[in-house]
Amino acid sequence: MTRFYLPIVIGTLLLAFWFSPDAQEIAAGIAIFLFGMLMLEDGFKLFGGGALERILERATGSTFRAISFGMLSTTLLQSSSLVSVITISFLSAGLISLIGGVGIIFGANIGTTTGAWLVAGLGLKINIAAYAMPMIALGIVLVFQKPKPQRGIGYALAGLGFLFLGIHHMKEGFEAFKDQIDLTRFALTGLLGLFVYSLIGTAATVVMQSSHATMVLILTALSAGQISYENALALAIGANIGTTITAILGSLGANFQGKRLALAHLIFNTVTALVALVLIAPLRDAVNWISDLVGIAPDDYAMKLAVFHTIFNVLGVALMLPILERLITFIEHRILEPVLDVSRPRYLNEAVDEFPQTLEIALRKEVLHLYENAVELILHGLNLHRDEVFATDNVADLVRHSRTPFEIDLDESYGRRVKTLYAGIVEFTTRVGDKRVDPDIAERVYALRDVASDIVQAVKSVKHLRKNVLRYTVRRHGATTELYDELRTELARIAVEIRKLGLTEPENRSALWLDQERAQIEEDARKKSRRVDALIRKGALNATAATSFMNDSSYAYGAMRDLIEAARNYYIERESAMAEVERLLALDEEELSEAVADHANEPG
């Protein structure tokens, strides 16, 4: 899209600058205003420290709460586009429901009307440039401070200053512009005027990707007498349609849920606009009645436009709320959930890596998805059914009775269900590394990548076991079968215990259990080595089988260590006070080796 309209926009601006120097001030005002919005958004991200994301996750418990959050956040940010993008990001990460996301969009449409009130009631009636300069100066001083909260306040303060300055220059530009060209000559009345100016409002918002900026432009032009009140109403309606472009663009990199939300946004805004066009006459009468009621002057068209903007957005929400469930059902039938493909990343997409909170949570879910695929392959590679392993109270007995080989190509399944997911995780974390994210978040992201690496290594180890598991456990081979059954039992038991850890409430998870498991693994490995020696001396195990088993034993215990380490890094909360105590109590590698050696040397 940029390839087509960008040259046209730039060419149009250059022609306008050539024919009218005053057009430069209007264009500069728009540019300064948009720059201010960007600074305000960046400031909120820094100052909020993820607060918006955390609130958004909790604010969708009901439709009313979701609408309220959409109104409040858009009022604070003065950007329904940013709220839409954040909502798509969280919806793609699976943190909020589709109905909650739609509720936020409804609220954002109402919240965006506060910008029109501020500009019409304040920005056009006083010299706001006098307030803009101190705000920009103080803001820039804070921007260069190291603490994130101070920088966040600085960006927000400077952003507000640039917003005010942009409004001032747009207002001044239109005032000067009207002395050269009277744009009211191009005013259109009736249905033709409604249609044409609605399209112009839509196009302007698509270009600027901000309905708020479009509304400010409309209000400043209206106050300068450059457009008629009737055409300004149509422009405002068109701006509401155009603002959906940001959500649509944001959904291109999202999953099916993000695309559903973008479609809901488009339907809602389009229906609202159509209703406003059809009911333009009664809405205009309602504006006049409300204006008289609250004391707005009959010729204060900027304030009347703010009233109109509010009425038709609230009307749109009121019309859509009763049919919200039907809207969701329609959207779900239009954009179907894709058939679940366990071989492809489920949560990682470009939409979720826009915000630190969503990228970390999405990555955690994807790593868990990888583990679920991996543990199924590990157990199938040992000729064990995952559901049966997790359901039994006696893993050893299940293993002894599991002699039927699984028809599985472990190499093909590894490449399709593990390697592909791992590649997606590595690519995602690389994208995160290219972004300026908080060092703590970056550290946790890279720790999750290491968890994925440990999981992959465990699967690779079991791949090496597969040949001899088929050889020695499908039919009995005396002591050799018993040894391989013990390895299968220990690996299955680790998978069961990790599952229990995952089902435990986070505050009750303990790293001490993992240390005990590690110590048990090392002790079992030593015992296994001594037992093999004893079996060779008794003639119960030949040298060839013994050599194969010792190699396979090394792979098996390596897989167990990798799974234990993955569980530690994934499940244990490092930030909690209990985790700190457990770190102090946990054995380091040297202490662990000494403890195992001492235990092995104990008599009996």
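The model is predicted. The chain has 604 residues, and 50% of them count as buried. Its secondary structure comes to 27 helices and zero strands.

**Overall fold**

- The accessible surface of the protein chain is about 28500 Å². Carbon and sulfur atoms account for 60% of that area.

**Nonpolar cores**

- The largest nonpolar core holds 109 residues. Within this core, Val-102 and Phe-106 touch the most other members.
- Helix H22, residues 439-473, gives the most to this core. Its share is 14 residues.
- Another core, of 36 residues, lies apart from the largest one. Its members include Leu-219, Ile-227, Leu-235 and Phe-312.

**Around Val-102 and Ala-264**

- Neighbours within four places in sequence are set aside for the contacts of Val-102. The partners of Val-102 are then Leu-261, Ala-264, Leu-324, Leu-327 and Ile-328.
- Ala-264 sits in helix H14, which runs over residues 256-278.
- Ala-264 counts as buried because its relative accessibility is 2%, and the cut-off for buried is under 20%.
- With neighbours within four places in sequence again left out, Ala-264 is in contact with Val-102 and Ile-331.
- Ala-264 and Ile-328 are 64 residues apart in sequence. In space, their C-alpha atoms are 7.8 Å apart.

- Trp-289, Leu-293 and Val-294 make a nonpolar surface patch of about 380 Å².
- Val-294 belongs to helix H15, residues 280-294.
- Val-294 has 56% relative accessibility, so this residue counts as exposed. The cut-off for exposed is over 50%.

**Helix H24**

- Helix H24 covers residues 511-538 and has 28 residues.
- From its first C-alpha to its last, helix H24 reaches 41 Å. That is close to the 40 Å expected at 1.5 Å a residue.
- Gly-539 follows H24. The phi of Gly-539 is positive, near 80 degrees.

How values were computed. Residues numbered from 1 in each chain as written. Predicted model: local features only at pLDDT ≥ 70, side-chain atom pairs only at ≥ 80, totals over all residues. Heavy atoms only, no water. Patch = residues over 30% accessible without salt bridge, like charges linked within 9 Å, V, L, I, M, F, W, Y side chains within 5 Å. Areas by Shrake-Rupley, 256 points an atom, 1.4 Å probe, with all protein chains shown as cover. Salt bridge = Lys/Arg side-chain N within 4 Å of Asp/Glu carboxyl O. Helix = DSSP H or I, 4+ residues; strand = E, 2+ residues; numbered from the N terminus. Buried < 20%, exposed > 50% of the residue type's maximum accessible area, 1.4 Å probe, protein only. Core = buried A, V, L, I, M, F, W, Y, C linked by side-chain atoms within 4.5 Å. Contact = heavy atoms within 4.5 Å. Expected span 1.5 Å × (residues − 1).
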